[in-house]
Amino acid sequence: MKKAFLSPLFSPLFYAILWGLLLAIVLIFFPEKKFEITTDGQIIDVLTYTGYGLMLISMLLFVKDFKGKMLDWSIYFILGIAALLREAGIQHHLTNTDTTPFKSRFFLNPNNPMSEKILYGAVLLIIFGALLYIAVKYAKHLVTSFFKLNTITWSVATFCSVLVFAKFADRFPAHWRHMHDLNVLPRSFIDIWSLLEESSELFLPYLVIIIFAQHHLLKKR
């Protein structure tokens, strides 16, 4: 069992099988409830928040594995909290003058207070700085170790691929509407892309848990 868990194929197969199974269950047995299932308080939402809670707990449990690398662990933990807060929609409650302070239009809008622009600009710089630090530190290793079938690298690659797809699914309906100059998209079109986005994002915290658990077991070796 441990050998299978530490296989570089574990994370890709974990995601592909469970995501495919989830989509099959929804589309086969609940095709008319695609929109309801993705709304707040429904099963996907509950599973997502459960995943984030377990993810933060797992980070605390495996903190000893980062002895000598506490800066890295601190960045991962802060980014985990930031991801949870974003999932909770906190960005929509931070300013009274705009929908969210984390988009370019917020900083370009002269009606938004300068104090908020400075504050949330600093937050963005900290987050991007943390991501850049991790990227610069590990990018070379991730690229070279990927072709050596490194378990952690493949799990990280799976996480990044799912994250990119979720962002694509989130933006695609709006881009499609603009490309075809449509005022309104069909409800079924919006529902299917919402399902693809929410169902894929659901697995992000669980993939992080797998990465930390794999790192722990490999370190014990």
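Contact is taken here to mean heavy atoms within 4.5 Å. The model is predicted, and local features are considered at pLDDT of at least 70, side-chain atom pairs only at pLDDT 80 or more, while totals for chains, interfaces and linings use all residues. Residues are numbered from 1 along each chain as its sequence is written, and side-chain values use heavy atoms, with hydrogens and water left out.

Asn-150 lies in the loop that joins helix 7 (114–146) to helix 8 (151–179), helices being DSSP runs of H or I with at least four residues, numbered from the N terminus. When neighbours within four places in sequence are set aside, Asn-150 is in contact with Pro-8 and Ser-145. Ser-7 is 143 residues from Asn-150 in sequence, yet their C-alpha atoms are 8.5 Å apart in space. With a relative accessible area of 26%, Asn-150 is partly exposed, a class between buried (under 20%) and exposed (over 50%), for a 1.4 Å probe and protein chains only.

Helix 4 (residues 43–61) packs with helix 5 (residues 70–87) at an angle of about 165 degrees, their axes being 10 Å apart; the axes are lines fitted to C-alpha atoms over the stretch in contact, and angles between N-to-C directions run from 0 to 180 degrees. The two helices are therefore roughly antiparallel to each other, a term applied to angles over 145 degrees. Among the residues making this contact are Thr-48 and Tyr-52 of helix 4 and Trp-73 and Glu-87 of helix 5. Thr-48, at 2% relative accessibility, counts as buried, and, not counting residues up to four places away in sequence, touches Glu-87, Leu-202 and Pro-205.

How values were computed:
Parallel < 35°, antiparallel > 145°, perpendicular 65-115°, else oblique.
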